[in-house]
Amino acid sequence: MSTNVSKRKLQESGDKKKKRAFVKHNGTTKMFSAKAKMTGFLITCTLNKERSSAREMCELLCEHVEKLYPELCEEKKKDNNNIENGSENEEEEDIDDIDDIEASLAKELEDMKNNKKEENKFEIVPLNINCLGFIRAKIPIDPTKVVHSIFETIETKKEKKTRYTQRVIPIMNTCITNKPEIFRLAETIIKPYFPDDQQKEYAIMIKIRNNSKMDRMEIIKGVAGVIGEKHKVNLTNPQLFVIIEIFKTICGISVVDDYFNYKKYNMEEVFEKANQQ
């Protein structure tokens, strides 16, 4: 009897330890929440500063999105003004009725909560990978355009508004990490940049993290096959860069033209270079 009890206690203790180990990261059971069909930004940062980096990047991204996509912000403001005006009219009409006032206040609070959720343009996606984070765009934007704006500002204004973030890489879309899915996504994203009637020079920049099953050269050859033999590889000064970022079970892909110009999207290096000029 005592043996069974002790075994049960050991098992329960082990289960609790596993549970604690599972939920301790960011206080959530979603230790790796990245998934397919995400548009956003992969960020590298100082060790143990993943959350701080993600927060500062969300603020910076919002700043540049408001500059690049003012129509999105104007739509939010119009919606908020309509809600505020509607609430004022309701108060004027029903000011003498306590029940209606309470109902109106409850509705305002609910509207404020909903508006706050809508104003969140980005979502921090837990990865549970040291020095790596992902920020998902919750609005229709071009992440390559936003990243270019960030580095252009660092270069021209010679200022950097981040402390913990090292690199920020635009991700146009993601898929599950297996070769057929990667090549299928490559057809969708990469192929339009390489028309049959115009030869382009390109370089494939691939990074694999926390995944030992993916073969680097197999992925490169497969993506090169999608691009086509008409286009030429140029690893020193290409016209286009095909970025492939594999982290755990997710693969992100983008096509950019300023990867080397902005030091592989290293914020600190671009900032230092700008201040030396």
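How many helices and strands are there in the chain? Colour by secondary structure and you'll find 8 helices and 9 strands (DSSP runs numbered from the N terminus: H or I of at least four residues for helices, E of at least two for strands).

Before clicking on: this is a predicted model, where local features need pLDDT of at least 70, side-chain atom pairs count only at pLDDT 80 or more, and totals for chains, interfaces and linings use all residues. Residues are numbered from 1 along each chain as its sequence is written, and side-chain values use heavy atoms, leaving out hydrogens and water.

Start with the whole chain. Of its 277 residues, 39% are buried (under 20% relative accessible area, 1.4 Å probe, protein chains only). Take the contacts (heavy atoms within 4.5 Å) between residues at least 6 apart in sequence: 77% of them join residues at least 24 apart.

Next, select residues 50–68, helix α2. At 1.5 Å a residue, its 19 residues should span 27 Å, and the end C-alpha atoms sit 26 Å apart, which agrees (the expected span is 1.5 Å times one less than the number of residues). Show side chains here: the buried ones include M57, C58, L60 and L61.

Now pick α5 (residues 143–157) and α8 (residues 267–276), whose axes come within 8 Å and cross at roughly 30° (lines fitted to C-alpha atoms over the stretch in contact, with angles from 0 to 180 degrees between N-to-C directions). So α5 is roughly parallel to α8 (angles under 35 degrees). Display I150, F151, I154 and E155 of α5 with M267, V270, F271 and A274 of α8 to see the contact.

Definitions and conventions. Buried < 20%, exposed > 50% of the residue type's maximum accessible area, 1.4 Å probe, protein only. Parallel < 35°, antiparallel > 145°, perpendicular 65-115°, else oblique.
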